[in-house]
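Hi everyone, thanks for making time. I'd like to walk you through a few side chains in this one, so let's get it up on the screen.

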Amino acid sequence: MQESKRKEIIRVICFTLFSISAGLIEIGSFSLLELFTKLPYWPCYLIALILSVLWNFTLNRNITFKAANNIPIAMLKVGLFYLIFTPVSTILGNYLAETLGWNDFLVTLLNMAANFVLEYLYDRFYVFRDSLDTRTKKAETVQQ
(Lines give C-alpha, C1' and ligand atoms only; values in the text may rest on other atoms or scores of the structure.)
Protein backbone atom coordinates (compact mmCIF):
# COMPACT_ATOMS: atom_id res chain seq x y z
CA MET A 1 0.00 0.00 0.00
CA GLN A 2 1.26 3.47 -0.81
CA GLU A 3 2.47 5.49 2.17
CA SER A 4 0.09 8.38 1.38
CA LYS A 5 -2.89 6.01 1.13
CA ARG A 6 -1.94 4.36 4.43
CA LYS A 7 -1.61 7.77 6.13
CA GLU A 8 -5.02 8.80 4.82
CA ILE A 9 -6.67 5.61 6.10
CA ILE A 10 -5.10 6.17 9.53
CA ARG A 11 -6.25 9.79 9.41
CA VAL A 12 -9.85 8.72 8.68
CA ILE A 13 -9.77 6.14 11.48
CA CYS A 14 -8.41 8.71 13.97
CA PHE A 15 -10.96 11.29 12.90
CA THR A 16 -13.72 8.71 13.29
CA LEU A 17 -12.59 7.67 16.78
CA PHE A 18 -12.21 11.27 17.95
CA SER A 19 -15.57 12.15 16.41
CA ILE A 20 -17.12 9.29 18.37
CA SER A 21 -15.61 10.70 21.57
CA ALA A 22 -16.87 14.19 20.64
CA GLY A 23 -20.23 12.64 19.83
CA LEU A 24 -20.36 11.09 23.30
CA ILE A 25 -19.64 14.50 24.78
CA GLU A 26 -22.32 16.08 22.60
CA ILE A 27 -25.01 13.47 23.22
CA GLY A 28 -24.13 13.29 26.92
CA SER A 29 -24.34 17.03 27.49
CA PHE A 30 -27.42 17.26 25.24
CA SER A 31 -29.08 14.49 27.25
CA LEU A 32 -28.32 16.16 30.57
CA LEU A 33 -29.69 19.48 29.33
CA GLU A 34 -32.73 17.85 27.70
CA LEU A 35 -33.58 15.75 30.72
CA PHE A 36 -32.79 18.13 33.57
CA THR A 37 -33.73 21.55 32.18
CA LYS A 38 -36.82 22.96 30.58
CA LEU A 39 -34.82 24.50 27.74
CA PRO A 40 -36.21 24.10 24.22
CA TYR A 41 -34.31 21.99 21.69
CA TRP A 42 -32.06 24.66 20.20
CA PRO A 43 -30.11 25.84 23.29
CA CYS A 44 -29.57 22.22 24.39
CA TYR A 45 -28.21 21.38 20.96
CA LEU A 46 -26.11 24.53 20.67
CA ILE A 47 -24.39 24.11 24.06
CA ALA A 48 -23.70 20.43 23.37
CA LEU A 49 -22.34 21.24 19.90
CA ILE A 50 -19.93 23.88 21.21
CA LEU A 51 -18.53 21.50 23.84
CA SER A 52 -17.97 18.76 21.28
CA VAL A 53 -16.38 21.12 18.73
CA LEU A 54 -13.76 22.34 21.21
CA TRP A 55 -12.88 18.78 22.16
CA ASN A 56 -12.80 17.54 18.56
CA PHE A 57 -10.73 20.44 17.23
CA THR A 58 -8.01 19.95 19.82
CA LEU A 59 -7.65 16.21 19.27
CA ASN A 60 -7.87 16.34 15.49
CA ARG A 61 -5.40 19.19 15.08
CA ASN A 62 -2.81 17.53 17.28
CA ILE A 63 -3.24 13.85 16.47
CA THR A 64 -5.32 13.22 13.33
CA PHE A 65 -3.88 15.91 11.08
CA LYS A 66 -0.61 16.41 13.04
CA ALA A 67 -0.74 20.06 12.10
CA ALA A 68 1.71 22.68 13.25
CA ASN A 69 -0.23 25.54 11.69
CA ASN A 70 -1.22 28.65 13.59
CA ILE A 71 -3.84 27.66 16.18
CA PRO A 72 -5.88 30.90 16.07
CA ILE A 73 -6.04 30.81 12.26
CA ALA A 74 -7.00 27.12 12.24
CA MET A 75 -9.66 27.79 14.89
CA LEU A 76 -10.94 30.77 12.88
CA LYS A 77 -11.29 28.53 9.82
CA VAL A 78 -13.17 25.94 11.87
CA GLY A 79 -15.25 28.80 13.30
CA LEU A 80 -16.21 29.80 9.75
CA PHE A 81 -17.48 26.26 9.13
CA TYR A 82 -19.61 26.45 12.25
CA LEU A 83 -20.78 29.97 11.36
CA ILE A 84 -22.70 28.26 8.56
CA PHE A 85 -23.28 24.77 9.96
CA THR A 86 -24.56 25.86 13.37
CA PRO A 87 -27.45 28.12 12.30
CA VAL A 88 -28.49 25.74 9.52
CA SER A 89 -28.44 22.66 11.75
CA THR A 90 -29.98 24.52 14.70
CA ILE A 91 -32.86 25.98 12.68
CA LEU A 92 -33.47 22.77 10.76
CA GLY A 93 -33.17 20.69 13.92
CA ASN A 94 -35.52 22.96 15.82
CA TYR A 95 -38.02 22.80 12.94
CA LEU A 96 -37.86 18.99 12.83
CA ALA A 97 -38.11 18.62 16.62
CA GLU A 98 -40.50 21.41 17.58
CA THR A 99 -42.69 21.86 14.49
CA LEU A 100 -42.76 18.38 12.94
CA GLY A 101 -42.50 16.56 16.26
CA TRP A 102 -39.49 14.43 15.39
CA ASN A 103 -37.70 12.86 18.32
CA ASP A 104 -35.09 15.29 19.72
CA PHE A 105 -32.45 12.57 20.01
CA LEU A 106 -33.00 11.39 16.42
CA VAL A 107 -32.63 14.95 15.15
CA THR A 108 -29.43 15.39 17.15
CA LEU A 109 -28.00 12.13 15.80
CA LEU A 110 -28.81 13.21 12.22
CA ASN A 111 -27.07 16.54 12.84
CA MET A 112 -24.07 14.72 14.30
CA ALA A 113 -23.80 12.46 11.24
CA ALA A 114 -23.92 15.44 8.86
CA ASN A 115 -21.36 17.26 11.00
CA PHE A 116 -19.01 14.25 10.95
CA VAL A 117 -18.88 13.97 7.16
CA LEU A 118 -18.84 17.68 6.37
CA GLU A 119 -16.26 18.58 9.00
CA TYR A 120 -13.83 15.85 7.95
CA LEU A 121 -13.90 17.08 4.36
CA TYR A 122 -13.62 20.71 5.43
CA ASP A 123 -10.77 20.08 7.88
CA ARG A 124 -8.83 17.78 5.55
CA PHE A 125 -9.10 19.85 2.40
CA TYR A 126 -9.25 23.39 3.79
CA VAL A 127 -8.22 23.90 7.42
CA PHE A 128 -5.24 21.53 7.53
CA ARG A 129 -4.59 21.07 3.79
CA ASP A 130 -1.20 22.82 3.79
CA SER A 131 -0.11 21.68 7.25
CA LEU A 132 -0.80 17.94 7.21
CA ASP A 133 1.83 16.01 9.14
CA THR A 134 3.93 19.09 9.90
CA ARG A 135 3.87 18.57 13.64
CA THR A 136 7.22 17.19 14.84
CA LYS A 137 8.78 16.49 18.19
CA LYS A 138 10.72 19.73 17.83
CA ALA A 139 7.52 21.71 17.16
CA GLU A 140 5.84 20.07 20.16
CA THR A 141 8.77 21.03 22.41
CA VAL A 142 8.73 24.64 21.20
CA GLN A 143 4.95 24.94 21.74
CA GLN A 144 5.17 23.70 25.33
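**A walk through the salt bridges**

Let's start with Lys7, which is partly exposed, its relative accessible area being 35%. Before I go on, bear in mind that this is a predicted model.

So, who does Lys7 pair up with? Its partner is Asp133: the two side chains form a salt bridge, with N to O at 3.7 Å. If you look for them on the screen, Lys7 sits in helix α1, which covers residues 3–36, while Asp133 is in the loop between α4 and α5 (137–143). The two are 126 residues apart in sequence, so this pair ties together separate parts of the chain. Asp133 is partly exposed as well, with a relative accessible area of 28%.

Now, Asp133 has another partner, Arg11, and here the salt bridge comes in at 3.3 Å, N to O. Again we're linking distant parts of the chain, with Arg11 in helix α1 and Asp133 in that loop between α4 and α5, 122 residues apart. Is Arg11 buried or exposed? Arg11 has a relative accessibility of 4%, and anything under 20% is called buried, so Arg11 counts as buried.

Next, Glu8. Glu8 makes a salt bridge with Arg124, and their closest N and O atoms are 3.0 Å apart. That one runs from helix α1, where Glu8 is, over to Arg124 in helix α4, and the separation is 116 residues. Arg124 has a relative accessible area of 14%, so Arg124 goes down as buried.

Let me put those together. Lys7, Glu8, Arg11, Arg124 and Asp133 are joined up in a network of salt bridges. And how many salt bridges are there in the whole structure? The search turns up six, and I've shown you some of them here.

One last stop, back in helix α4, which spans residues 104–127: that's where you'll find Asn111. Asn111 is at 8% relative accessibility, so Asn111 is another buried residue. Which residues does Asn111 touch, if we skip neighbours within four places in sequence? There's Tyr41 and Tyr45, then Phe85, Ser89 and Gly93.

That's my tour, so over to you for questions.

Definitions and conventions. Residues numbered from 1 in each chain as written. Predicted model: local features only at pLDDT ≥ 70, side-chain atom pairs only at ≥ 80, totals over all residues. Heavy atoms only, no water. Helix = DSSP H or I, 4+ residues; strand = E, 2+ residues; numbered from the N terminus. Buried < 20%, exposed > 50% of the residue type's maximum accessible area, 1.4 Å probe, protein only. Contact = heavy atoms within 4.5 Å. Salt bridge = Lys/Arg side-chain N within 4 Å of Asp/Glu carboxyl O.
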